Amino acid sequence: MDNQMLMGDEAIALGALHAGLSAAFAYPGTPSTEIMETLQEIASREGGFVAQWCSNEKTAFESALGASYAGRRTMVSMKHVGLNVAADPFINSALLKINGGLVVVVADDPGMHSSQDEQDSRWYADFARVPCLEPADSQEAYDMAREAFELSEKNACPVMLRIVTRLAHGRSAVVFGPRLPQNPVSKAGDRWGWNLMPSVARRLWKDLLAKYERIRGENDATSAIEPGSADLAVVTTGLALQYYRENEGDLATKPSHLHISRYPIPHGALRELASRSKRILVLEEGYPFVERYLRGILSTPIPISGKESGEVPATGELTPDNIRPALGLPARQGLAPSSLVPPGRPPQLCAGCPHGDSFSFLTEALEGHQVFAVNADIGCYTLGALPPYNAVETVVEMGASFGMARGASEAGLRPAVGVIGDSTFYHSGIPNLVDAVSHGTNVKFLILDNATTGMTGAQPTIMPSERLRAIALAVGVGSDHVHVVRAHRTEHEANVALLKRELDHMGVSVIIAFRECIEALKKARKA
Amino acid sequence: MKYDIILCGVGGQGGISVSVVIARAAMAEGLQVKQSEVHGMSQRGGEVLAHLRISDGTIASPTIPLGSASLVLAFEPLEALRYLPWLAAGGSVIAAAEPIRNIADYPDLGAIHAALKALPRSLLIDADRIAKEAGNARAANMVLVGAAARHLPLKAASLEAAIVELFSRKGEAVVAANMKAFEAGRGL
């Protein structure tokens, strides 16, 4: 199995496996999903390690912490916004004396191909004082997944592997290294390295800061400046290296160049580069992280260009073309665009999707109300905001639907309907349901249960459908106000009538609209 | 040698399989390959785009620069028009003629076909019809690979081997149907 054409996600999964991975945990999220899918596919054939979907990124991270405590190599993977959910264990884990190697893979989505923001996880790594590796192709993704475990165990700290969409879903050749055996179970020896009560945490925080500077020094030692003209120095990070290389040949004089793939940022190397150069251009995927840092560490300021200064576009992905103006290169010419301008083709719900039928009955039940709120959530059903449904009013983050509908109702905007998918309900919906029940809020919760995590490619929902009703009852929703209906056009009139009745109920109602995802059924038939 | 291909279509048309076939054939011939695709939201009936880069030297960017593609291979005619600025001066467009009209403002099909035919090097193919005649309506994407074969810097035998490899786990009938679609495309 050597010299394979692998996606970055697959390369990371295999790199971790070959480094002796014992346990992997994740919640699906584009563009990180294929990491766990690759591991589960191998686990189902070979066994010998754990690869589990979890309720959310926080629970996944906490399981990984436990596996590290047990002395085994463990990985937790998520998309960038997943790290917001896992931020508490992530930031606090930095203080611990990590035992088995703990690698956190975070997949950022510049350009928002399938996300609600462009946040750059390198800020999180620096905020937490966690070392971070950033690969530039699938081979590096494989190698750095392996290196991350070594780094984690050597320094007794978690290590972040930061990737972006084009790396996660880009394929290039990978040559494998040897497969290492797993660590035996060996509980962390230093109990006070795993207890963050204040008196202990104060000491561990000091240790962490010292550790972080030591690793910065190591990154300085391994940074190599490619010498070139003093007129311009170029700093690249991650995938920006490839876009720079694509254009390098067109430059009349070769700039000096420093590529950064290991964080904390090597201060010494950057100062050295600046001392030899009249001007620095920073090319990085994500936010102007290195650029902003650079402005703070030079004793003699020189002009610095990048996203913050405006020479490089501040939004969206870098491309081999949009960095050319910053390099002083003319635009490349392709064929003229067609005079017939193709209209956009936005994503839409699949033909026959149960969510479409749910939005139809929801919309009709709300007819006649002058004001109302429909707060939805993250998933395929987000597309209910678009024509022909135009039903969804708000989409913010995982779980916001229930919380926002409850808050809107408490503030006097009624009827308020929270619309959530089954997987998102398990991820972040339950605490909001508890809040609503405990305060007796007049709010209607519509759970669109398609028995899958659809948008990310139909991963199984963590619990079977029957459990949803039991959970609503268990937290105290009145049994007269928990309903399971079939999300199908043949049930439309009955569903409208039922929802209308519940809109008149002054307390919490939960309506579970069930029908299996069309895509998941197709996938199951193919298998 | 470098050969950049824009593969475009609408979610669910099997564009990723085509990318895999061409990439494997190129790898088998000892060439470097980089491929970039986007998963997730855009796959739900939206426009789908993959970049495939083949070279005998190192490939840097995972995405194709403007004006650099040797070929735009489109599974849907409107989508072909979207990526013309990526096409190099001497590049070609090969597009399936049949539309996917899942948007309200889909332009006049005659005008789309005319715009494609007006390009210096273009080929419009009734890929669905040819695939059906070859015995598998779902193999339209392999008709397009066949039609692209003589443009690609690859041996037909390498592409055939990659098709066999990709479909072998689905059984001989599926392999045979895809191969027949590929051959039908080659004859165009």
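Analyst: Across the interface of chain B and chain A, 15 residue pairs are in polar contact, both residues being at pLDDT 80 or more; a polar contact is a pair of N or O atoms within 3.5 Å, and within protein one must be able to donate a hydrogen and the other to accept it, while residues adjacent in sequence count only if both atoms are side-chain atoms. On the side of chain B that touches chain A, E2(B) gives the most, with 5 residues. That side of chain B divides into 25 nonpolar, 12 polar and 10 charged residues (Ala, Val, Leu, Ile, Met, Phe, Trp, Tyr, Cys and Pro count as nonpolar, Asp, Glu, Lys and Arg as charged, and the others, Gly among them, as polar).

This is a predicted model, in which local features need pLDDT of at least 70 and side-chain atom pairs count only at pLDDT 80 or more, whereas totals for chains, interfaces and linings use all residues. Residues are numbered from 1 along each chain as its sequence is written, chains are lettered from A and ligands numbered from 1 in the order in which they are written, and side-chain values use heavy atoms, with hydrogens and water left out.

The rule also finds 4 salt bridges across this interface (a side-chain nitrogen of Lys or Arg within 4 Å of a carboxyl oxygen of Asp or Glu). One of the salt bridges joins Glu246(A) to Arg53(B), with the closest N and O atoms 2.9 Å apart.

Strand E8 (residues 170-174) of chain A pairs with E2(B) in the antiparallel sense over 3 bridges; strands (E, at least two residues) are DSSP runs, numbered from the N terminus, and two of them pair if DSSP finds at least two bridges between them. Within E2(B), Gln35(B) is the bridge partner of Arg171(A).

Methods: Helices (H or I, at least four residues) and strands (E, at least two) are DSSP runs, numbered from the N terminus.
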